[in-house]
Amino acid sequence: MAALVHSGHCSTVRSIIALDVDYFYCQVELRKRPNIDRNHPVAAFQRNLVVTCNYPARAAGVKKLMLVKDARDVCPGLILLDASDLQDYRVACSEIICLLKDMLGGAAVENLGLDEFFIDVTEIVCRRKEYYSCTTSFKGYCWPSKDCDSYNLLENEELRNFVVASHLCLEIREAIKSKLQLTCSGGISNSKLLSKLAAGLHKPDEQTIILPHLVESYLNNLDLRKLPGIGSVTYQSLVDHFCVSTCEQLRFVPVERLVEAFGKRTGIRLYHICRGIDEESVRDTSLVKSISCEERFAKTECWSEILRYLRIVVERLLDRLVEHARVSSGRYGRLLVVTYLKTLSTKRESISCNVPFDVIRLCSLCNSLKSSSSECFEKFSNLYRSTLKQLENRCIQLLRIRLGSDFSLCLVSVGVKNFVTLKEVDQTSHPNSIISLIQRSEAKSTFSSVVGQTSSREPMKCCICNAFLNMEMSNEDINRHIDKCLCMESHDKSMNKNVLDGFIKSKKPKVSLTSSQCSIGT
Ligand code: DGT
Ligand code: MG
């Protein structure tokens, strides 16, 4: 059964592309070391285990999750690269998402793990189709063979969609390769399930299409273990209860019996996937909703120790925020949330306030610079340092207010939520918004000689207290003013009740996480 979508005049079978980065951690490590020959066997390890390796290493017998010692034995000369710091992999993942968003505009991009991506290209294919000749052929492999010339593309509208999708997939993979120095394998089909399976058919750096009318025959002999969503426990139950191990065999089991054995949700899913039916849509997970970093520690009542942990967390958070702004068309969060866990409690508690103005300003500047994080930090080192201090002070104030003098903590976390994009905000409709203020204050300092009198004569209002700001105020003065407005100590005196209500609010406690970590929520 083909999944149908209706979008404007274009009613068609869905076209979904799946991308899977090849030997991901290893490629990211190799990207940092251009002197290593990629044809040489290379593995990435964590602790004493190989977590992935390149294809020459696989050919030599190295396998994922092998002991490093054993990998060295099977492949003497194997180069081993430490993959214990996940930050570079997160950055590579964000870079891919940004590139996809830049290339594909509004198409939904779903990210699974760090190196798998689904893109619903149905609409793009519809728009592009008229630019392709009816005789243009497929790119890449077309299951079951490379040769797709036997299809009569002139007569089959649906097949021509997949021709366009295969060209698009190749363009995307080539862009990722040339701009990010990463190779991916691609899969093209009419569902996430089939596209993911297709992406694994020819690796590395190749792509495969599974055409809708061939889905059933592709699945027939497929081992059920290969299907996403069938883990080892479900697989064993299928073998034990129903004596089935392939999709074709599973199709003989009535849905009622599957529901009886596995429950409604899994039973129906099993019934569907062995027939190649998967109507799950591509969820757009590309927009980050929160970024947070946390530190877990042995219980302490010592304020100076807590400050030390807070500093570590805040520094890590600011790096992450800048990195995110740099690769994400200037998105920044507006709400700062400090979370803590009291030693005798199982529930986290939170307190929040506005993000300090300079964090937004630093993120906006780093985004406009379009260079690496380290170049950004170098160029804006003064602003970076003062912002770090400001962020740290804001968190200290929040914690002080909430904790008083009697406390014992074992975790602090600092995060930022309520992300928006600079571009999303219509400057004219929000003349006094914080964005306008950043842009005007930046214009004032950077382009004053060009913009001259016209811009500096525009009245500027503080977005918090609404007071008119002096035209001659420097950027630092503007920051100081806004920070004072936002600052806990000053708002009691100068802010009205409404602002106060929105300023500090408790948050529902969250589920506990493990020790020192950063997370991105989508
Ligand atoms: P491939 O087969 O060319 O896609 O190779 P990878 O390395 O991209 O494999 P994949 O897509 O299954 O996993 C992506 C990354 O996730 C991989 O580079 C390392 C990491 N990873 C995979 N499996 C494990 C695991 O069992 N433990 C740990 N710690 N990391 C893993
Ligand atoms: Mg991969």
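Sort the shell around ligand 1 by class and you get seven nonpolar, two polar and six charged residues. Keep in mind that this is a predicted model. Which residues come nearest to the ligand? Of the 15 around ligand 1, those are Tyr 23, Gln 46, Thr 52, Tyr 55 and Lys 64.

## Polar contacts with the ligand

Let's look at a few atom pairs. Tyr 23 uses its backbone here: one of its N or O atoms sits 2.8 Å from an oxygen atom of ligand 1. With Gln 46, a polar atom of the side chain lies 2.9 Å from a nitrogen atom of the ligand.

How much of ligand 1 does the protein cover? On its own, the ligand has 600 Å² of accessible area, and the protein covers 70% of that. As for where the shell comes from, the elements giving two or more residues to it are strand 3 (16–21), helix 1 (24–32), strand 5 (49–53) and helix 2.

## A nonpolar patch on the surface

Now for the outside of the protein. Leu 49, Leu 65 and Leu 67 make up a nonpolar surface patch, and together they have about 250 Å² of accessible area.

Where does Leu 65 sit? You'll find Leu 65 in the loop that runs between helix 2 (55–59) and helix 3 (68–74). Is Leu 65 buried or exposed? Its relative accessible area is 60%, so Leu 65 counts as exposed, the cut-off being over 50%.

Conventions:
Residues are numbered from 1 along each chain as its sequence is written. Chains are lettered from A and ligands numbered from 1 in the order in which they are written. This is a predicted model: local features need pLDDT of at least 70, side-chain atom pairs count only at pLDDT 80 or more; totals for chains, interfaces and linings use all residues. Side-chain values use heavy atoms; hydrogens and water are left out. Patches are made of residues with over 30% relative accessible area and no salt bridge: like charges are joined within 9 Å, nonpolar side chains (Val, Leu, Ile, Met, Phe, Trp, Tyr) within 5 Å. Accessible areas come from the Shrake-Rupley method with a 1.4 Å probe; for residues, only the protein chains shown count as cover. A salt bridge is a side-chain nitrogen of Lys or Arg within 4 Å of a carboxyl oxygen of Asp or Glu. Helices (H or I, at least four residues) and strands (E, at least two) are DSSP runs, numbered from the N terminus. Buried means under 20% relative accessible area, exposed over 50%, partly exposed in between (1.4 Å probe, protein chains only). A residue is near a molecule or strand if one of its heavy atoms lies within 4 Å of it. A polar contact is a pair of N or O atoms within 3.5 Å; within protein, one must be able to donate a hydrogen and the other to accept it, and residues adjacent in sequence count only if both atoms are side-chain atoms. Ala, Val, Leu, Ile, Met, Phe, Trp, Tyr, Cys and Pro count as nonpolar, Asp, Glu, Lys and Arg as charged, and the others, Gly among them, as polar.
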